[in-house]
Amino acid sequence: MIELQGVWRTYPVGEGVVHALRDVSLAIAPGEHVALIGPSGSGKSTLLHILGCLDRPSQGRYCLEGRDVGTLSEAERSLLRRTRIGFVFQFFHLLPRLTAQGNVELPMLFAGVPREARRTRAAEVLASVGLLPRAAHRPDQLSGGERQRVAIARAVVMNPAMVLADEPTGNLDRASAQEVMGVLEAMNRQGLTLVVVTHDPILAARAKRVVHLSDGMLADAPAGEG
Amino acid sequence: MAFLDLLGFALGALRGHRLRTALSVTGVAIGITAVLALTALGEGARRYIVDEFATLGSNLVIILPGKVETTGGVPFGGVTHDLTLEDHAALARLGRLARAAPIAVATETLRHGDLGRSAPILGTTADYQEIRRLRLAAGTFLPSGDPDRSGTEIVLGTKVAQELFRGESPLGQVVRVGPDRFRVVGVLAPRGLSMLGFDLDEAAFIPVRTAMRLFNRTSLFRVVAEVRIFAEMDLAKADVLALLKDRHRAEDVTVFTQDALLASFSAILRVLTLSLAGIASVSLVVAGVGIMNVMLVSVTERRAEIGLLKALGAPAPRILLAFLAEAVILAALGGAAGLAAGAAGVGLLALVYPDFPVAIPLWAVGAAVTLSFLVGVGFGVWPARRATRLDPIAALARR
């Protein structure tokens, strides 16, 4: 489903060039649960952005479900993000003025889904993360774990093929983190491809496959190595 | 449907910044109010002047001896004929004219006892009262009858009467003009300065034949006539010209109508109103810059939100529309508030100065609404475009 071939990502900085990714080749099959680990500055986030079609490789090819993302226009990549990819962020990125329900409806609102359909679908997804009773609460009335579960609901509301999570538990206490990972893993079991960026070895250990990034280069390692 | 949803989204965003929203709405409101108030004042001035003309009688035809325009080829200097009382009599018989009054005018000194006052004296007939819509404070106007009759009646303007008689009743008293003695039969009601710059309060009226003898004139100063049907103004004018051309065997009179004067005054004042509106709309531009500022701050402040929307795959045109909708809502609210404030202000003005016919012309309302919408779109586009061009990665990275 995901195929990276010799991907480089470079940024010009002053006179020189920073290599965020160096020659990364990686294949992820549908339904996989992959943990992307590595120290900060290793290129994890850059890789995640490329996987999420927010960024494009400077060099190399990225194929998502058989399409070469590098050749797509911004509008086409926007469509991919809208329909195939869900994002979960470390800082939740919920809109504070909207209720949980409103936040979950947001992708559908901008996708032009009619109001009634939005209502039903949002309620359905909120129920699946166990937050239906909190649907009318605004983010500041929710705990960190609840907020992240709302964010997960928002990520999957458009029925994407994969969810990209950037440090999803980085801002949560251990119990909330357990809860959040439980939700994500449950969705993964139902066939959702899951890529989690983390530097938490315990979290990474829960993934079936761990990809190590170091200085922009891959060091594939078997699961459970830590 | 989708647009309504975006509108709802934009409203929600505005509600999050009440003070900022209120301030920029106020800016637009002030602009719209200014446009409406100034156009209402201009329109009021126009109506005031038009009304003033109407009381003079806008269905008047005024005939003066001599040709005002230069027409080449008049041999030997083109002698102009006098405009005589006989001409007036012929004019008065024209079917399209309701009535006509001859006028001979000169400034003479009026004397009563040892008091004297220099005043313009109009020699005319009873018809003049009707034509000029004169009202009398006391007595009667000049007696109707044959214009050729030399009478010794005099009617005084209100100021002249006051100055000469110092509070006593002038009716029946004798006023001398040069060697002649006149008997006061009436005093005009105060009228004030007419638009043509002639103060009827300062004037006196005597029979026209007497006046011509007294002033030693052979020609009338002019003839004023009232058209029977307003719509036939041009036909009446042509009739007058044809008649006098026939009588004088030359085209040697000038005929002008007050509706032409009225129309040009009205046009001038409309331009004035428009320029006032133009000046006022400068404040709308200022308000527009205010909206732009608010929207730019909003875009900068909501970088994370925009980044999120882009990460969620919101199409760029929809993001643009959402931010544009915010700007338009600001402008529309401002426009509505401005309309209300403007209408209230003009209403208040009408209460305080009931004589001044202030009114907001309909075109100004339309222009104000259109302007506020244009301000919203015009000054909202750039910030909205900035929003859609934001790099989602950079926008999300900050927190």
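Mentor: Helices are DSSP runs of H or I with at least four residues, and strands are runs of E with at least two, each numbered from the N terminus; A:Lys44 lies in one such run, helix α1 of chain A (residues 44-51). The model is predicted: local features need pLDDT of at least 70 and side-chain atom pairs count only at pLDDT 80 or more, while totals for chains, interfaces and linings use all residues. Residues are numbered from 1 along each chain as its sequence is written, with chains lettered from A and ligands numbered from 1 in the order in which they are written.

Trainee: What makes A:Lys44 count as buried?

Mentor: A residue is buried if 20 or more other C-beta atoms, placed from the backbone, lie within 10 Å of its own, exposed if 12 or fewer do, and partly exposed in between. A:Lys44 has 25 within that distance, and is therefore buried. In chain A, 51% of the 226 residues are buried.

Trainee: Which residues does A:Lys44 touch, beyond those up to four places away in sequence?

Mentor: Contact requires C-beta atoms, placed from the backbone, within 7 Å, and on that rule A:Lys44 touches A:Leu36, A:Gly38, A:Val197 and A:Leu213. A:Val197 is 153 residues from A:Lys44 in sequence, yet their C-alpha atoms are 6.6 Å apart.

Trainee: Why is helix α3 of chain A said to be largely enclosed by the rest of the structure?

Mentor: Eleven of the twelve residues of α3(A) (100-111) are buried, so the helix is largely enclosed; among them are A:Gln101, A:Glu105 and A:Phe110. The buried residues of α3(A) pack against α2 (74-84), α4 (115-128) and α5 (144-156) of chain A, and also against α1 (2-15), α9 (303-311) and α10 (316-352) of chain B. Just after α3(A), A:Gly112 has a positive phi of about 80 degrees.

Trainee: How do you know that α3(A) is roughly parallel to α5(A)?

Mentor: The two helices pack at an angle of about 30 degrees, with axes 7 Å apart. Angles under 35 degrees count as roughly parallel, over 145 as roughly antiparallel, 65 to 115 as roughly perpendicular and the rest as oblique, so α3(A) and α5(A) are roughly parallel. On the α3(A) side the contact uses A:Ala100, A:Asn103, A:Val104, A:Leu106 and A:Pro107, and on the α5(A) side A:Val150, A:Ala153 and A:Arg154.

Trainee: Which strands of the four-stranded sheet of chain A are called edge strands, and what makes them so?

Mentor: The sheet is open, with antiparallel pairing and the order β2-β1-β4-β5. Its edge strands are β2 (16-28) and β5 (67-68), each of which pairs on one side only. Two strands pair if DSSP finds at least two bridges between them, and β4 (59-64) and β5 of chain A have two, in the antiparallel sense. In one of these places A:Leu64 has A:Arg67 of β5(A) as its bridge partner.

Trainee: How many residues of chain B are in contact with chain A, and which element gives the most?

Mentor: Contact joins 21 residues of chain B to 22 residues of chain A. On the chain B side, α1, α9, α10 and α12 (392-397) each give two or more residues, and α9(B) gives the most, with five.

Definitions and conventions: Contact = placed C-beta atoms within 7 Å. Axes fitted to C-alpha atoms, helices over the stretch in contact; angles between N-to-C directions.
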